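Subject: Structure for your review

Dear colleague,

Please find below the structure that I am handing over to you. My findings follow it, and I would be grateful if you read them with the structure open.

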Amino acid sequence: MVPLNYYLILSGILFVIGVTGVLVRRNAIIIFMSIELMLNAVNLTFIAFSRYLNSIDGQIFVIMVMAVAAAEVVVGLALIIAVFRIKETVNVDEINILKW
Amino acid sequence: MTYLWLIPVFTLIGVVLNGLLGKKFGDKFVSWVGPGAVGLSFLISCIFLFKLVFDSPTGDSYIQKLFVWIAAGNLVVEAGLILDHLSVVMIMVVTGVGFVIHVYSVGYMHKDPGYARYFTYLNLFIFSMLILVMADSFLLMFVGWEGVGLCSYLLIGFWYEDKKNADAGKKAFIVNRIGDFGFLIGLFFIFIEFASLDFESVFSMASSRQIGDPVIVAITLLLFIGAVGKSAQIPLYVWLPDAMQGPTPVSALIHAATMVTAGVYMIVRCHVLYLLAPLTMSIVAVVGVVTAVYSASIGTVQNDIKRVLAYSTISQIGYMFLAVGVGAFTAGMFHLMTHAFFKGLLFLGAGSVIHSLSGEMDMRFMGGLKKYIPITFWTFLIAVLAITGIPGFSGFFSKDEILWNAFDKGNPILWVIGVFTAGLTAFYMFRLFYLTFLGESRFQSEKELHIHESPKIMTIPLIILGFFSLFGGYIGVSHSLGGENHFKKFMEPVFRNSEIIANSTSNAENSLGLEYLLMIISIIIVLIVLIIVHQIYLKRPDIASTLAKRFSLAYRVLLNKYYIDEIYHTFIVNPFIKISDIFWKIFDVKIVDGAVNGTANVIQSAGDKLRKVQTGYVQEYALSLILGAVIIIGYFIFR
Amino acid sequence: MDYSIPTINLSVIGPEIIILLTAVSVLIIGLFPNYRRWSISIVFIGIIFAFYDIYYLWNLNQVGFDGMVLADNFALLFDIIFLIGTLLTLLLSGNFINQYIRGTGEYLSLILFATLGMMLMASTNDLIVIFLGLETLSISLYILAAFRRSREDSLEAGLKYFLLGAFTTGFLLYGIALIYGSTGTTNIYSILNFLKDGSVEIGILFYIGMILIIVGFGFKAAFVPFHMWVPDVYEGSATPVTAFMSAGVKAASFAVFLRLFITGFSPIISQITGILAVLAILTMTVGNVIAIVQTNIKRMLAYSSIAHAGYILVALTALSRNIESEFSAASIMYYILVYTFMNIGAFGVVIYMEKSEEEVLKISDYAGLGFKKPFAAICMTLFMFSLAGIPPTAGFMGKLYIFSSAVESELYGLAVIGVLNAVIAVYYYLRVVIFMYMKEAVLDFSYLSARPVMALSLSISVGGIIYLGIFPQSLINLLTNIL
């Protein structure tokens, strides 16, 4: 059986990859995908804990997170499309008229 | 008595309605709301007066605690209202005379562009004044005290487009600040000494102190400084003559009938403290009588009708201070009340005169107005007879009471000065009356066409006040004149606890013959003055100018008000400006300004730099977020 | 594992259900153009019913859903604050709704969904529900921020808010996961019992989880350095939305903070006093210093709202140091209520001043307003006074309570820095007043017409800050007894 720590380290690495993606990629859609990666890293943590603690709460939480993430996808993609319609770009560096 | 708040609340509603909606709904709305609010307050006050007279034979006072206002540490201040035989007199005067003057204002301020603003301020004034007189603690009283000061400032400078008016308002405000400063320090002393600002507890704690306790003397003196500022006594009286720049009904209400007498009320309210400080009492009496004679003498030569009345007001308040200074609190309050009637009437009458002459205020261009404005004439006559102390009119009873008390409880010298002042009063009042209403008309001819009696809305208030000036004195006819002196009896409960001290200061035994003698002397003096004035200003108008030439020095000194404004300017304001100038150039500009501007600049440039951090790039925002989180976690792990 | 069906007590979430049903019905009604004009009335009726239900539930301390949801007075008080904020915002939204008439249903229902999210956050005992409430709130706000979808700035605000919000959600979730892993539960009371028990050592993972949760909600409440989204989103969103966000989101986050600190984390919370103090100082100072140099009034108010989060954080710090202090908690709740009134009020005047096409948002545009539109100017003056903390407004009493709670917890330095910050703040608030009363008008304000509904909202706000400023004691007494 794979020990708990392995899962935690894996999910930690996934989380950091997600964070790095958010910080370095310029395409809004890819940034968004990186955020999804972060959420799924968290889901993995929940599942691992749930199994380790022998408690069902974590799994329920994961279902909730997935539902919320789905809703976020809907809103997020809609926003990105709306931005693309007006500015014809999804490069976040070009989206900065609001500053200072 | 859980409905005491009803008395002031209507005026506050009036403020809100006039202030917010007055402009939108027009003058008619304002004309109903403004006086209506005060009228309702007056009616409710009447109910409370009856309740107090009939339901409370023992003369208890009613206190209603409204809410805990401030509770921080050991300072707990409850806002509460008090209704007793003292405050009810003030409430009746404020709402009653206030209502009449509100009605008068409807006519006087007709078509003024700031009509709604005017009534907003006026209602706010009544509200603040009611808070002042109904407060059950020093702090709430101070709130009202500041409130009336603010309203006075706003109303003096009501026509602020003219710089002179705005300056007069500023002067009043600044001079009053000096007095308020003393008052405030007095409050601190009280709080330090008694750990409370509540009247009831302060007075009950104070009454166990010894007579002449230095702390009490200091407190009373500081409070008296406040009273001097608010009630325009020497040396802080200079603002009141300038305050006449405001609309005339304002002068009548604020600068004659109510606000300026707040100092007298305050001393009477704190009589427990004052009776413990004989030193302060004698200072009050001396300041009062000196102010009385001093400003009466200035009044004799002024030519502006409102200025004469202003100096007269200062002088009459001096009488009131004389009364309270010798311990005759009832007499002081009695004169306060009658004075509110006849001085309010004098101002309103003067307003009517000015109104009929389209704004002329110089008496040298008046005269012979009797036939043009009869109602104003007759009511004005009543007021003049009242203020000069002709027997049978209200002023006679109250002034006589003060003079007798000054002789009896105080000092014969006080009486002599008082009677001399009465002579001066008679002189300037009759002079004003003759110059305005009798003799030849001296106004510029084009003005003659417009002369007209004021509308009913202005003359009816005159008649009402005339009635009270005539008969208002009969509630306080002294025993020596065969009266009952209901007023004194009514006020007795207020002084119940301090009776013993009050009586001990009386030194002469009540000899009826002496009292009559003194009374007759003052009447004779007044009558002699009347004859002199009649001779000078009606029969031989040239005498006045001859006299002025003959005693040109005295005349000029008086005309220029003893050069007090100039003296203040040379010896106080100018050196102050010079010193401040030096301070300003060295200290302020170099050090303080440098520091302040430096700090401001540092903050400003820091802001300019910091805002650049906000680059608008969403990923940098995310980075800052992560860095924040990582630093906190790192700190937590490695601490 | 033995599972029984938990007792479900629907009346506990009565106010939430009412708001939900209202939101769904206006969303449907919005589809029918003929009936669209009824929707705003339906919303008001719904809110009134919700208020009534809160009144009914008051003092009953009901618990439902197996202890997951509770309707104690704390939750109900925050429900009231949220509903007041919603009500004031909706009264100010008339113009905005008319401009986007086709989106009436969406706008109203999104505002209500966001309110629902806030209410859930305040009235729960479980991290799962807090998370769900937060997401309900956030997703609605992402859409609302980008509501004017033909405008570049609005879309940018929405996108930035969305990306950063979702990003922070990741942190928050990770924090919850770590806490779940260390304690085996997501229930706040069980976390408290776990911490009190002491038989198991509290691992570093728990602390990291706690900090990540603080980061997550600190983002929503705009603590520096998690505040960067605030100015951009506030500036880019439609002003009614900004008004709603500025008050509601902050209030909801602080409700969660209070709940977590006072129950869940209370045994160990004093360990993070230092961190909170540093955050408080940063938040106040950065907010105020940058606000000084702003020329756009919405952006100025955005930075000012950051600074106000800092003031509230001062009281939160004081609370973390002295968790028994009911006064600190009361001062937080008092300030949040006052802040709701004064900030929505200030934004209300901004909304009133806006022109539909070309916006009037520079502070210098307010020059001479005092003479042309005295009512709006006097309201704005009072809001500025209150935000600056000048008596007799409630803002003064709020600051007084907050700083005295810091003194009570012996955080003297923090109190002094707070007061200094309040002094800096006076400068930029009074600048607006100076412009209104002491400068000549540059704009001709003839495009401004009387708006009775808006005036009603402003009057309620003014009444609130004056009343709470003069009679604070009864509310403070209520709040100290609420916990």
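In this predicted model, the contact between the chains draws nine residues from chain A and 11 residues from chain B. On the side of chain B that touches chain A, the largest share, five residues, belongs to helix H26 (residues 618-638) of chain B. Sorted by class, that side of chain B has five nonpolar, four polar and two charged residues.

A second contact lies within chain B, where helix H10 (residues 262-269) of chain B meets helix H13 (residues 305-325) of chain B. Two packed helices are described by the angle between their axes and the distance between the axes. Here the axes come within 10 Å and cross at roughly 10 degrees. Angles under 35 degrees count as roughly parallel, so H10(B) is roughly parallel to H13(B).

From H10(B), the residues B:Val264, B:Ile267 and B:Val268 meet B:Ile317, B:Met320, B:Phe321 and B:Val324 of H13(B). By class, the residues of this contact are seven nonpolar, no polar and no charged.

Is B:Ile267 buried or exposed? B:Ile267 is buried, because 26 other C-beta atoms lie within 10 Å and the cut-off is 20 or more. Leaving aside residues up to four places away in sequence, B:Ile267 touches B:Ala227, B:Tyr274, B:Val284 and B:Val324.

Yours sincerely

Technical notes:
Residues are numbered from 1 along each chain as its sequence is written. Chains are lettered from A and ligands numbered from 1 in the order in which they are written. This is a predicted model: local features need pLDDT of at least 70, side-chain atom pairs count only at pLDDT 80 or more; totals for chains, interfaces and linings use all residues. Two residues are in contact if their C-beta atoms, placed from the backbone, lie within 7 Å. Helices (H or I, at least four residues) and strands (E, at least two) are DSSP runs, numbered from the N terminus. Ala, Val, Leu, Ile, Met, Phe, Trp, Tyr, Cys and Pro count as nonpolar, Asp, Glu, Lys and Arg as charged, and the others, Gly among them, as polar. Axes are lines fitted to C-alpha atoms, for helices over the stretch in contact, and angles run from 0 to 180 degrees between N-to-C directions. Angles under 35 degrees count as roughly parallel, over 145 as roughly antiparallel, 65 to 115 as roughly perpendicular and the rest as oblique. A residue is buried if 20 or more other C-beta atoms lie within 10 Å of its own, exposed if 12 or fewer, and partly exposed in between; C-beta atoms are placed from the backbone.
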